[in-house]
Amino acid sequence: MEWLFLVPAMVILLTLVLFPVLSSILFSFNRVELRPGAVALSPIGLDNYQHALFEDGTFWKAAGNTAFFVAGVVIFETLIGLGLALVVSQHARLRRYLTSLLLIPLVMPPVVISLAWLTLYDFRGGVINWALRSLGLSPVQWLSAPNLAMQSVVIADIWHLSPFVFLILLAGLQALPIEPFEAADIDGATPWQKFRDVTLPLLSPVLLVVLLLRTIDGARVFDKIYVMTGGGPGTSSISMIMHIYRQAFRVLDFGYASAMSVLMLMVLILLAVIYVRLVLGRQSL
Amino acid sequence: MAGLALSAACAPTPAPPAAPAATAAPPATAVPAAPVAPAAAAAAAAKPAAGALPDLKGKEITISYPRGEPQQLEEISKAFEAQTGLKFNRVVLPYGELYDKLLINLSQSTGAYDMTVVDDPWCPQFFSKGYVQELDPFFEKAGLKGLDSDFVPRTVDLSKWPAGTGKIMGIDFLGNVQLYAYRKDLLEKYGMQPPKTWDEVFQFASMVKQKESEMYGYAMRGKAVNPAVSAFMPIFWGHGAEMFDDNYNPLFNSEKSLAALEFWVKLAKETAPPGVATFDSIEVTRSLFSGESAQSMVWPAWAGVLDDPSQSKTVGKWGLGVAPAQPGGKGGSMMGNWLLAIPQGAKNADAAFQFMLFASGPEGQRIHAMQGIPPTRSSVFQDPDILAKRPYFKSIHENLQVARYRPRITNWGAVENAFGTQISSALSGENSPKDALNTVQRDVVELMKKEGYLK
């Protein structure tokens, strides 16, 4: 009878996760129309998938932008977060002040962060361009130049979420056993050798979890882009979720939006599997 | 339209007294006679709305409308409540959320709302797919012959499906339309006449850019999709371009379309503030109110603020006119009207219809007009009290009579998405105008086939 205790959780999981996923998959093979009192489906085979992969230029643009965003935020947030964590874990007093300071961006809602950065990036009145001007440099169109808009959003995200990586890695560092480090000291290891051969391998399970979280979360970026650039100028900063959202709720092509969601889900599952393999692989060594 | 949200404190003087009986006591005098001479029919149509308001005590309706400043329908519904006893549940939502909620509730006939406000780009979808109820039977039951002649004709067209000829599906009660705004002080300074063509707009714009320090010639919303399309339409139409021929064949890469887009990009590159490709209402209004830009197409809510000293540094310096047009182009500013409609499955449709008559009637629209929300009735536009308080209403009336509406196609959202992404991209220099329009043409042909307009 113990399994009865699982029922509530399973019911919630099934209705909130499995049902939407299954209906997305169903929608993706159909043309979906909202008719009075009904959701009308007419099967069209693989048309939606074909459209995404072979006809819709914006799909690939969005995929490229999303990959760029993920690569940018994962690399820089990990480097910055890890660097900070390493420094802070050595200094107890820094830890007290810096940790609470770095929590501030984390507790702010993403929309507020985006609006703040929108103001900072403003061409005429923004602080960043003001600083450039007072240094005698020419101001930059941070969000309205097609080749810069995506980078600018990446920078805002790095500012927002590096502290997240920092906090988790800091916790990871503090939980490491002390003996291997003592052994390394006795053997006369240099700080770099200690970092490369002791810290990094011991920290890697935590590091991989952080990478996994940031990759999946980064791939779903929507709020910052919606607020800061609207995907523009043109399509130069459109993300996958932004494209899916527009196709679903502005263009009203729910079938096509579902097909793109399914494609994205497949890519993310693949990435997750690779990460998890890496984590488990390390642990079994 | 989104622009309405901006008129925040445009009317520091309070809205008309909440007890409407004081302002509109004897309906006979409060309602100026309809301007059209054979008033028999018009007067008969206006009368039931203004004169004999029904007793609706004990009844209750739920209405939904977008959040805004000033708040549309709030004062009107209070006035109606006071006079008839009808109780209101008001669902006030931000613009984007309202659309999402309506989409679900109306398409699934949930009966959540008895009456709703609908933005005009949503109409083709809501009207054609039966999301809202046909209103002709309601008019018949009330002994009325449809929308009377006091309504500006284009707003009657918009209320019907198919537009202009079909059945009445909504009542256009809010005549939001673009106006052409220009700095008349600078025109005088350079001895120029108010521009009538887009070439003259460009000349004035370059003059300002070259001669004035820290000033730009023309501000526009270039942010992808809806803002870009709204800003571009007067220029597009003004160059004689059309989106579709009579058989719904897309004409996006025609010579005239290309000329229009090339003009827009040139106007932006040479005379507009940097970064217009991501400008939306906030950036454009800031540029106008701060005295940075000399011209733009503006919405009525912004026009109200141009001369408001608490928000604008340019009080008294603006002229308003109808949208310019190139020789041979039809011109026309774009309408962004709001309509009242009864959702399919509404539980109290009859009471809701009584309220719609009142809200779109002279008395209701007058309440809105005093708050700075544009009406759709000529009699209200011409009301001396209102003109004295809001002189720019004259320009709204002029523009509304020659304004154009977006194509009435059921997949407008999809077409706007394709068009608005590409023109924004051309504006930013990411794409050439020619490539951008070829892409739009290809995409829209596909969309029109998908929707069954083309084979």
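Visitor: Which side chains meet A:Asp253 and B:Lys450 in a salt bridge, or rather, what kind of link do the side chains of these two residues form?

Guide: This is a predicted model, so everything said here describes computed coordinates. The side chains of A:Asp253 and B:Lys450 meet in a salt bridge, with 2.6 Å from N to O. This pair crosses between chains, for A:Asp253 sits in the loop between helix H11 (240–249) and helix H12 (254–284) of chain A, while B:Lys450 belongs to helix H21 of chain B.

Visitor: Are A:Asp253 and B:Lys450 buried or partly exposed?

Guide: Burial is read from the relative accessible area, and a residue under 20% is called buried. A:Asp253 has 11% relative accessibility and therefore counts as buried, whereas B:Lys450, at 36%, counts as partly exposed.

Visitor: How many salt bridges are there between chain B and chain A?

Guide: The count between the two chains is 8 salt bridges. Another one of these joins B:Glu292 to A:Arg124, whose closest N and O atoms are 2.6 Å apart. Over all chains, the count comes to 34 salt bridges.

Visitor: How many residues of chain B are in contact with chain A, and what area is buried between the chains?

Guide: An interface can be read by its residues and by its area. Here 34 residues of chain B are in contact with 33 residues of chain A, and the area buried between the two chains is about 2,700 Å², of which carbon and sulfur atoms give 50%.

Visitor: Turning to chain B itself, how many helices and strands does it have, and what share of its residues is buried?

Guide: Chain B has 21 helices and 10 strands, and buried residues make up 61% of its 455 residues. To read how the chain folds back on itself, one looks at contacts between residues at least 6 apart in sequence; in chain B, 75% of these join residues at least 24 apart.

Visitor: Where does B:Gln295 lie, and which backbone oxygen atoms does its side chain reach?

Guide: B:Gln295 lies in strand S8 (residues 295–298) of chain B, and because its relative accessible area is 0%, it is buried. Its side chain reaches the backbone oxygen of B:Val201 at 3.2 Å, and a polar atom of that side chain also lies 3.2 Å from the backbone oxygen of B:Gly217. Leaving aside neighbours within four places in sequence, B:Gln295 is in contact with several residues, including B:Tyr180, B:Phe204 and B:Leu288.

Visitor: Which residue forms a salt bridge with B:Arg366, and where in chain B do the two partners lie?

Guide: B:Arg366 forms a salt bridge with B:Asp383, the closest N and O atoms being 2.8 Å apart. B:Arg366 is in helix H16 (residues 362–371), and B:Asp383 is in the loop between helix H17 (378–381) and helix H18 (384–389), 17 residues apart. Both B:Arg366 and B:Asp383 are buried.

Conventions: Residues numbered from 1 in each chain as written. Chains lettered and ligands numbered in written order. Predicted model: local features only at pLDDT ≥ 70, side-chain atom pairs only at ≥ 80, totals over all residues. Heavy atoms only, no water. Helix = DSSP H or I, 4+ residues; strand = E, 2+ residues; numbered from the N terminus. Buried < 20%, exposed > 50% of the residue type's maximum accessible area, 1.4 Å probe, protein only. Contact = heavy atoms within 4.5 Å. Buried area = accessible area lost by both parts, 1.4 Å probe. Salt bridge = Lys/Arg side-chain N within 4 Å of Asp/Glu carboxyl O. Polar contact = N/O pair within 3.5 Å; in protein donor to acceptor, adjacent residues only side chain to side chain.
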